[in-house]
Amino acid sequence: MSHPVTSDSPPSPGNAGKQISVLVVDDDPVVIATLRALISATGHSVRVASNGREAWEAFQLDPAAIVISDWHMPELDGLELCRRIRTRPSERYVYFILITAYGGKQQYALGMEAGADDFITKPLDLDELRARLHVADRILGLQLTLRRLEGLLPICAYCKRIRDESGAWESLEGYIGGRTEAHFSHGICDTCEARYFGDQLDQLPGPA
């Protein structure tokens with residue numbers, strides 16, 4: 001029997017502005033209640049579905065950033081749900097966690113081929129799940145940073161500083177260095193050397 005998808009969005013001042021939407025899919029009411037309580041406590045918004053078909057319908061209407069789905073469910077299992085999400089055109093990456101009662105290389109290989117990012121085995125370990133949510137949060141943050149760097153950056157035409165998300169202007173090195181692991185070395189290109197220094201650099205002491 002199908003049940004409507006429900007959601008929780010608890011107030012969380014500490015996480016305001018970086019709340020992540022999580023869709024939990026499982027046909028076990030106890031698992032649903034456990035996951036909902038844990039995820040709500042982290043400050044993220046939670047929606048739940050009792051099977052893969054309900055989850056797929058809900059996801060198409062309002063995609064979630066993280067999907068935590070049981071593998072074996074009626075109507076549409078977690079593996080097929082993952083495949084459908086991966087083949088759906090989307091500008092935002094979805095982090096998919098599969099819950100399974102069976103471990104082993106073969107199970108993990110099937111899940112990864114379908115597009116799963118991570119796995120949790122039953123019975124659920126709440127500390128492990130909490131840690132995996134932190135990993136998902138970090139990965140999604142990196143994906144967002146990459147999209148911003150690949151997109152259009154507002155740069156001052158005169159000083160070449162970049163305007164960040166808050167509207168503040170910062171140096172190119174500071175902007176990229178604070179969002180990636182890139183490091184910078186400074187030198188002088190041939191054009192600038194000829195334009196601004198002429199033969200002065202050749203007259204400086206030191207190795208040629």
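Modeller: Take threonine 100. Leaving aside residues up to four places away in sequence, threonine 100 touches Trp71, Gln107, Ile120, Thr121 and Lys122. Keep in mind that this is a predicted model. Threonine 100 belongs to strand β5. Its relative accessibility is 1%; buried means under 20%, so threonine 100 counts as buried. Leucine 124 is 24 residues away from threonine 100 in sequence, yet their C-alpha atoms are 9.6 Å apart in space. For the whole chain, 58% of the contacts with a separation of 6 or more are between residues 24 or more positions apart.

Follow one of those contacts, Lys122. Lysine 122 is joined to proline 123 by a cis peptide bond, with omega about 0°. Proline 123 sits in the loop between β6 and α5, the latter spanning 126-150.

Next, the helices. Strand β5, residues 95-100, is among the elements that cover the buried residues of α3. The others named there include β2 (21-25), α2, β4 (66-70) and α4. Which residues of α3 are buried? In this helix, residues 78-87, they are Gly78, Leu79, Leu81, Cys82 and Ile85. Viewed down the helix axis, these buried residues fall within an arc of 160°, so they line one face of α3.

The axes of α3 and α4 are 8 Å apart, and the two helices pack at an angle of about 30°. The cut-off for roughly parallel is under 35 degrees, so α3 and α4 count as roughly parallel to each other. The meeting residues in α3 are Leu79, Cys82, Arg83 and Arg86. From α4 come Leu110, Gly111 and Ala114. Two of the α3 residues in this meeting, Leu79 and Cys82, are also on the list of buried residues of α3.

Now α2. Its buried residues are Gly52, Glu54, Ala55, Trp56, Ala58 and Phe59. They pack against β2, β3, β4 and α3. Asparagine 51 lies in the loop between β3 (45-49) and α2. It is buried, at 3% relative accessible area. One of its side-chain oxygens reaches to within 3.0 Å of the backbone nitrogen of arginine 53.

Turn to the aromatic rings. A pair of rings is described by the distance of the centres and the angle of the planes. How many aromatic pairs are there? The count comes to two. For tryptophan 56 and phenylalanine 59, the ring centres are 6.4 Å apart and the planes are at 10°, so this pair is stacked. Both residues lie in helix α2, residues 52-61, three residues apart, about one turn of the helix. In an α-helix there are 3.6 residues a turn, so residues three or four places apart point the same way. Tryptophan 56 and phenylalanine 59 are both buried.

Tyrosine 108 and phenylalanine 119 form a tilted pair, 4.8 Å centre to centre with 50° between the planes. This pair links distant parts of the chain, 11 residues apart. Tyrosine 108 is in helix α4, residues 105-114, and phenylalanine 119 is in strand β6, residues 118-121. Are these two residues buried or exposed? Tyrosine 108 is partly exposed, with a relative accessible area of 30%. Phenylalanine 119 is buried, at 11%.

Glutamate 75 is found in the loop between β4 and α3. It is not a glycine, yet its phi is positive, about 75°. Glutamate 75 is exposed, with a relative accessible area of 55%.

Last, the setting. The chain has 208 residues, and buried residues make up 33% of them. Its secondary structure comes to seven helices and eight strands.

Key:
Residues numbered from 1 in each chain as written. Predicted model: local features only at pLDDT ≥ 70, side-chain atom pairs only at ≥ 80, totals over all residues. Heavy atoms only, no water. Phe/Tyr/Trp six-rings, centres within 6.5 Å; stacked < 30°, edge-to-face > 60°. Helix = DSSP H or I, 4+ residues; strand = E, 2+ residues; numbered from the N terminus. Buried < 20%, exposed > 50% of the residue type's maximum accessible area, 1.4 Å probe, protein only. Arc of directions from axis to C-beta. Contact = heavy atoms within 4.5 Å. Axes fitted to C-alpha atoms, helices over the stretch in contact; angles between N-to-C directions. Parallel < 35°, antiparallel > 145°, perpendicular 65-115°, else oblique. Polar contact = N/O pair within 3.5 Å; in protein donor to acceptor, adjacent residues only side chain to side chain.
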